[in-house]
Amino acid sequence: MLGIIGAMDVEVDAVKALVKNKTVTKLAGIDFVCGFIEDVLVCVAQCSPAKVNAAICAQIMIDKFDADKIINVGVGCSLCKDVAIKNVVIATQVCEYDLDITALGEPRGFITGLNTVMIDTDADLSQRLAQTAIRRGEKIHRGVIASGDTFIADTKLKEFIADEFGAICGEMEGGAIGHVCAANGVPFAVVRSISDGGDEDSQLDYPTFKKIAADVSSKIITEFIRTEQNQISL
């Protein structure tokens, strides 16, 4: 089964609407919508923003619905001058920029247990998503997506994350979903459409562009599912 997770309704409602023969199961306050899109078995969920919510959703999706691939879809901010609003970023790696045990001698973002800072996304899944976005005429970028429990709207924080982690996009869920997937050996990918610049103008840009950006990312996902050749089965 293909799991699809977004943090907000605008990021997943269009995908949920395509699910046929659906069942809805509520667990931990999250509606898991399962059924078929173009003969592909899917489970779609809105996790709500932030890392713990995302991690809860991903673990339930793996444990209860046997997701063997997970795509995290939604909006994010640019951390790089080359990444513009409405561009698409497909992660090569994810990290959690607000993990900090540097006082114990580990690097910033070090994930105890996985014993790494960077988590690789699934190369094949990410490449197929990139090809789908390109066919749709989107301007895409590949690189590190950094996650933390802060809405990034500060130039100093933006520059710190970009410099420390080489990240080109910031958001609040992908690193946590990647963390859970890596711990469970489940392939994953993260797709973000850029809604704002992660600076002091973000509070103005985000409300204006989030719906447009979310629409871009959800259309990439639905097109990706339509072009899948084989049913993703339990």
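Begin with the lining of the largest pocket, whose residues divide into 9 nonpolar, 4 polar and 5 charged (Ala, Val, Leu, Ile, Met, Phe, Trp, Tyr, Cys and Pro count as nonpolar, Asp, Glu, Lys and Arg as charged, and the others, Gly among them, as polar). The model is predicted, so that local features need pLDDT of at least 70 and side-chain atom pairs count only at pLDDT 80 or more, while totals for chains, interfaces and linings use all residues. Residues are numbered from 1 along each chain as its sequence is written, and side-chain values use heavy atoms, with hydrogens and water left out.

To find the centre of this pocket, select Val75, Phe151, Glu171, Met172 and Tyr206, which lie nearest to it among the 18 lining residues. A pocket is an open set of points on a 1 Å grid over the protein atoms alone, where a 1.4 Å probe fits, with protein on both sides within 12 Å along at least five of seven lines, and lining residues have an atom within 4 Å of a point. Strand S5 (69–78), strand S9 (167–171) and strand S10 (188–196) each give two or more residues to this lining; helices (H or I, at least four residues) and strands (E, at least two) are DSSP runs, numbered from the N terminus.

Next, select helix H1 (residues 9–16), where Glu11, Val12, Val15 and Lys16 are buried, a word that means under 20% relative accessible area, with exposed meaning over 50% and partly exposed in between (1.4 Å probe, protein chains only). These four lie on the same side of H1, because they cover an arc of only 105° around the axis, taken from the directions from the helix axis to the C-beta atoms. Among the elements that cover them are strand S1 (2–6) and helix H6 (202–227).

Staying with helix H6, select Ser218, which is found there and is buried, with a relative accessible area of 3%. Leaving aside residues up to four places away in sequence, Ser218 touches Glu11, Ala14, Val15 and Val73, where contact means heavy atoms within 4.5 Å.

Asn21, in strand S2, is exposed, with a relative accessible area of 68%, and its phi is near 50°, a positive value in a residue other than glycine. Glu38, in the loop between S3 and S4, likewise has a positive phi, near 50°. Most residues other than glycine have a negative phi.
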